[in-house]
Amino acid sequence: MEPIGGVLAFMVVVMTAGWLYQRRVRNAGWADVFWTYGTGAACVAIALLPLDGRAQPTWRQAILGALLAIWALRLGGYVAARVRRGAEDVRYAGLRGIWAAAFQRRMFALLIVQAPASALLSLAVLLAARSMDPRLRGADVIGFAIMAAALIGESVADRQMRAFKSNPANAGRVCDSGLWGWSRHPNYFCEGLLWVGLPILAIQWSHAASWLSLLAPVVMFVLLRWVTGVPALEAAMLRTKGEAYRHYQSRVSAMLPLPPQR
């Protein structure tokens with residue numbers, strides 16, 4: 001498991017750099033850019049590590065590495081563009097007001113805990129990439145299809161939100177159309193779904209350690225639903241949108257896409 005230790009050390013450096021940079025520019029949204037690109041680079045490198053006796057990555061490694069690279073480049077680019085041209089993310093702006101003088105100290109703790117989370121994700125990538133079965137299995141098709149669908153879904157959700165915000169007529173309103181009419185956070189749901197594909201690729205009944213790959217979707221869903229994602233964002237939306245957002249909460253599922261209630 002030496003590669004995973006390397007990922008942990010690498011991400012500690014990346015998130016420390018992210019903390020220092022966001023502190024200098026006074027925009028905590030840059031921390032998300034550091035995490036996305038750092039985690040993406042680490043996971044792609046882990047996916048493409050040569051297997052024993054092979055000079056080149058296998059087809060399974062190549063596909064997995066490509067999907068992870070697409071994820072990191074798309075999401076990192078989207079977040080970087082949003083942070084660069086806009087005000088601080090409402091999640092962090094809200095925390096800045098709540099934490100007051102303790103903001104930077106607590107922000108560092110919030111960021112550094114994401115380093116071991118990235119290491120656990122890379123462990124699932126390692127297990128998925130190193131499946132020793134050279135055949136194309138049904139599980140491979142399902143796992144890669146889930147990851148591709150998640151990438152498409154997250155891109156669609158981000159594009160729908162960007163179009164909604166770009167329309168001046170929507171100022172002060174809550175986006176409840178498209179995917180946002182079925183989930184209050186379809187981008188977070190798709191982000192978590194991406195990592196569901198890894199255990200499907202990795203798990204083999206004869207390989208007990210492969211079950212550790214289940215940690216990836218669990219870690220990601222926990223972070224998004226209860227730590228860095230939904231709670232802070234919804235608190236900020238309630239402050240800015242008020243009753244309109246409470247009504248939205250009463251009708252639409254938090255993450256899992258479900259038909260909206262009338």
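Lys-165 is exposed, because its relative accessible area is 65%, where exposed means over 50% relative accessible area, buried means under 20%, and partly exposed covers what lies in between (with a 1.4 Å probe and protein chains only). The residue belongs to helix H7, which runs over residues 138-166; helices here are DSSP runs of H or I with at least four residues, strands are runs of E with at least two, and both are numbered from the N terminus. This is a predicted model, in which local features need pLDDT of at least 70 and side-chain atom pairs count only at pLDDT 80 or more, whereas totals for chains, interfaces and linings use all residues. Residues are numbered from 1 along each chain as its sequence is written, and side-chain values use heavy atoms, with hydrogens and water left out.

In the search made here, a disulfide is a pair of cysteine sulfur atoms within 2.5 Å, and the whole structure contains 0 of them. Cys-43 is in no disulfide, and the nearest cysteine sulfur, that of Cys-190, is 18 Å away. For Cys-175 the closest cysteine sulfur is also in Cys-190, and the 14 Å between them is too far for a bond. Cys-43 is buried as well, with a relative accessible area of 0%.

Let us now turn to the start of the chain. Helix H1 covers residues 2-25, and its 24 residues should span 34 Å at 1.5 Å a residue, which agrees with the 35 Å between its end C-alpha atoms; the expected span is 1.5 Å times one less than the number of residues. Among the buried residues of H1 are Ile-4, Val-7, Met-11 and Trp-19. The buried residues of H1 pack against H2, H4 (90-99), H5 and H6, where contact means heavy atoms within 4.5 Å.

Just after H1 comes Arg-26, which takes a positive phi of about 55 degrees. Arg-26 is found in the loop between H1 and H2, and it counts as exposed at 58% relative accessibility. Ala-100 has a positive phi of about 55 degrees too, although it is not a glycine. Ala-100 lies in the loop between H4 and H5 and counts as exposed, at 51% relative accessibility.

How do the helices lie against each other? The axes of H2 (residues 30-47) and H3 (residues 59-85) come within 9 Å and cross at roughly 170 degrees; axes are lines fitted to C-alpha atoms, for helices over the stretch in contact, and angles run from 0 to 180 degrees between N-to-C directions. H2 and H3 are therefore roughly antiparallel, given that angles over 145 degrees count as roughly antiparallel, those under 35 as roughly parallel, those from 65 to 115 as roughly perpendicular, and the rest as oblique. The residues of this contact divide into 17 nonpolar, 7 polar and 2 charged, with Ala, Val, Leu, Ile, Met, Phe, Trp, Tyr, Cys and Pro taken as nonpolar, Asp, Glu, Lys and Arg as charged, and the others, Gly among them, as polar.

The axes of H5 (residues 103-112) and H6 (residues 114-129) come within 5 Å and cross at roughly 10 degrees, so these two helices are roughly parallel. Leu-110, Leu-111 and Ile-112 of H5 meet Gln-114, Ala-115 and Pro-116 of H6, a set made up of 5 nonpolar residues, 1 polar and no charged. Because 14 of its 16 residues are buried, H6 is largely enclosed by the rest of the structure.

H10 (residues 230-241) and H11 (residues 243-251) pack at an angle of about 130 degrees, with their axes 6 Å apart, which makes H10 oblique to H11. The residues of their contact include Glu-234 and Lys-241 of H10 and Glu-243 and Arg-246 of H11, and the whole set divides into 4 nonpolar, 1 polar and 4 charged.
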